[in-house]
Amino acid sequence: MQLTDTAAIVTGGASGLGAATASALAAQGARVFALDLPDAVGKAPDVSGVTYLPTDVTSAEEVSAAVRTAASAGVPLRTVVNCAGIGPSQRILSRGNVHDVGLFAKVVQINLVGTFTVLATAAQAIAETGPDEHGQRGVVVNTASIAAYEGQIGQAAYAASKGGVVGLTLPAARDLAQYGIRVCTIAPGIVETPMLATVSDEFRAALAESVPFPKRLALPSEYARLVLAIVDNDYLNGEVVRMDGALRMAPR
């Protein structure tokens with residue numbers, strides 16, 4: 001599917017995976033609408049072709065407004081990439097205390113329900129566009145994590161939310177096939193994002209050493225290139241792609 005003269009939505013688009021993806025899509029000629037929280041948008045880089053929309057993905061109203069803006073750009077909305085998410089850590093039982101149920105619900109609400117809200121709302125707008133010569137109208141790329149398969153100690157909420165994104169992929173692809181909309185998911189391993197900027201070089205080196213090959217952390221630009229490959233390959237649909245250097249996470 002071609003990106004030139006089309007619109008794209010990227011959630012979590014002000015930093016990390018989302019920022020790299022927004023920039024990559026814009027470089028391919030898409031008009032990109034990067035959704036993120038107001039504080040993040042205020043610190044976002046100025047990238048040609050990228051428009052930032054303050055949006056909370058847990059708000060159906062804000063998501064609908066952002067999708068309407070993207071769908072009114074004068075070119076067809078074709079691409080949606082869900083990168084918004086959080087990853088707090090807490091054990092189910094720790095020193096006699098039970099995992100904060102509110103925190104568990106918040107992680108699922110942002111990572112899973114937020115992903116679904118953007119997917120479904122944007123799919124409705126995409127379905128109203130005319131198809132290309134191959135009957136395609138668009139593609140949605142969601143972000144899971146290898147924690148969906150090998151969640152570590154303290155990752156119960158995060159792993160559950162990302163496991164939900166993995167489980168959503170195939171039925172979403174099947175539901176939206178009649179509209180010419182593909183759905184795929186990327187499950188990254190350990191990526192060099194702003195979240196890791198706060199840890200020591202020694203800890204980062206230990207993380208890199210755990211990866212079979214290449215023995216380094218993944219780069220946001222590599223995630224963005226994989227998004228471009230999924231968009232470009234029309235026969236990729238209903239698939240979850242691990243981007244992890246063959247890493248299989250240990251319990252801790």
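Because the model is predicted, local features need pLDDT of at least 70 and side-chain atom pairs count only at pLDDT 80 or more, whereas totals for chains, interfaces and linings use all residues. Residues are numbered from 1 along each chain as its sequence is written, and side-chain values use heavy atoms, with hydrogens and water left out.

**Salt bridges**

- With a salt bridge taken as a side-chain nitrogen of Lys or Arg within 4 Å of a carboxyl oxygen of Asp or Glu, the count comes to five.
- Arginine 242 and glutamate 150 are joined through their side chains at 3.0 Å, N to O, and this pair links distant parts of the chain, since arginine 242 belongs to strand S9 (residues 240-243) and glutamate 150 to helix H5 (residues 147-150), 92 residues apart.
- Helices (H or I, at least four residues) and strands (E, at least two) are DSSP runs, numbered from the N terminus.
- Arginine 242 also meets aspartate 244 in a salt bridge, at 2.6 Å from N to O, and a network of salt bridges links Glu150, Arg242, Asp244 and Arg248.
- Burial is judged by relative accessible area, with buried meaning under 20%, exposed over 50% and partly exposed in between (1.4 Å probe, protein chains only); glutamate 150 is therefore buried at 18%, aspartate 244 is buried at 12%, and arginine 242 is partly exposed at 26%.
- A further salt bridge joins the side chains of lysine 215 and glutamate 209 at 3.8 Å, N to O; here lysine 215 is partly exposed, at 45% relative accessibility, while glutamate 209 is exposed, at 51%.

**Helix pair H3 and H4**

- The axes of helix H3 (residues 60-71) and helix H4 (residues 101-127) come within 10 Å and cross at roughly 35°, where axes are lines fitted to C-alpha atoms, for helices over the stretch in contact, and angles run from 0 to 180 degrees between N-to-C directions.
- H3 passes H4 in a right-handed crossing, a term that applies if the near helix is turned clockwise from the far one by less than a right angle, anticlockwise being left-handed.
- On the H3 side the contact (heavy atoms within 4.5 Å) is made by Ala60, Val63, Ser64, Val67 and Ala71, and on the H4 side by Thr117, Val118, Thr121, Ala122 and Ala125.

**Two buried residues**

- Threonine 185, in strand S8 (residues 181-188), is buried with a relative accessible area of 0%.
- Leaving aside residues up to four places away in sequence, threonine 185 touches Asn142, Thr143, Ala144, Val165, Thr169, Glu239, Val240 and Val241.
- Leucine 217, in the loop between helix H7 (201-209) and helix H8 (220-232), is buried at 7% relative accessibility.
- The C-alpha atoms of leucine 217 and threonine 193 are separated by 9.5 Å, the two residues being 24 residues apart along the chain.

**Surface patch**

- Ile92, Leu93 and Val98 make a nonpolar surface patch of about 340 Å², with accessible areas from the Shrake-Rupley method with a 1.4 Å probe, in which, for residues, only the protein chains shown count as cover.
- Patches are made of residues with over 30% relative accessible area and no salt bridge, like charges being joined within 9 Å and nonpolar side chains (Val, Leu, Ile, Met, Phe, Trp, Tyr) within 5 Å.
- Valine 98 lies in strand S6 (residues 97-98) and counts as exposed because its relative accessibility is 61%.
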